[in-house]
Amino acid sequence: MRFAHFLIPLFALGLLFQGCNKESSDQPLVSTAEFTLMDTQGKSYTVEKRGANFSLDAGKDKVVLFDIFATWCPPCQAEIRHMGNLQKKYGDDLIVMGVTIEEDKSNAELDAFREKFGGGNYLISNKADNQALARAIAATIGVGQNFPIPLMVMYKNGQYVTHYTGATQEEIIDHDIAQALGK
């Protein structure tokens, strides 16, 4: 019995020292992932997730607004005009990237959807990575996997700025874009 009392502390001490290591790994401890999006015109975009931040390869020094939506959703239909107005107003300083969560829509259907609801000229992605990107964004901002749509998430140079769930007034989004751009 005395031998067991001696062995247990010795074993615990061995575990303690085994956990200490002066060698450092070159691998970051930050969660990373890469998503490929394809707009309805066939242009490819890469979104890189690094920790809780998402950067679009074309979004350097710009505000990127990911608009996660479905064509059957009435609030999503109502926001289309807002997305088009904001893209027109901010031009090259803003990239609105619509990300449909539907898998069965053709590019022509999505372009017709945008036109029907007055969306103007902003990007809509129609790629298999859409759902994975939407889930990853939702997880990092804490809205869960059964998040409400539309879900709009804003980043500046890949850094999270803010997000909106459900129908949101254009003026609120406009104010936040201007603030992120320092205008």
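Visitor: Which residue stands opposite Ile68 in β7?

Guide: Opposite Ile68 stands Leu151 in β7, strands being DSSP runs of E with at least two residues, numbered from the N terminus. This is a predicted model, in which local features need pLDDT of at least 70 and side-chain atom pairs count only at pLDDT 80 or more, while totals for chains, interfaces and linings use all residues. Residues are numbered from 1 along each chain as its sequence is written, and side-chain values use heavy atoms, with hydrogens and water left out.

Visitor: In what sense do β4 and β7 pair, and over how many bridges?

Guide: Two strands pair if DSSP finds at least two bridges between them; here β4 and β7 pair in the antiparallel sense over 6 bridges. Strand β7 (residues 151–156) is also joined by 6 bridges to strand β8 (residues 159–165), again running antiparallel, and within β8 the bridge partner of Met154 is Thr162. The hairpin formed by β7 and β8 has 2 residues between the strands, and Asn157 in the turn has a positive phi of about 50°.

Visitor: Why is β7 described as largely enclosed by the rest of the structure?

Guide: Buried means under 20% relative accessible area, exposed over 50%, and partly exposed in between, with a 1.4 Å probe and protein chains only. Because 5 of its 6 residues are buried, strand β7 is largely enclosed by the rest of the structure.

Visitor: Is Val64 buried or exposed, and which residues is Val64 in contact with beyond its neighbours within four places in sequence?

Guide: Val64, which lies in strand β4 (residues 63–69), counts as buried because its relative accessibility is 5%. Contact means heavy atoms within 4.5 Å, and, leaving aside neighbours within four places in sequence, Val64 touches Leu56, Gly59, Ile95, Val153, Met154 and Tyr155. The C-alpha atoms of Val64 and Ile177 are separated by 9.2 Å, although these residues are 113 residues apart along the chain.

Visitor: What is the order of the strands in the open sheet of 3 strands?

Guide: In a regular strand the side chains alternate between the two faces of the sheet. The order of this open sheet is β1-β2-β3, with antiparallel pairing; its edge strands, each pairing on one side only, are β1 (32–38) and β3 (53–56). Strand β2 (residues 44–50) pairs with β3 over 4 bridges in the antiparallel sense, and Lys49 stands opposite Phe54 in β3.
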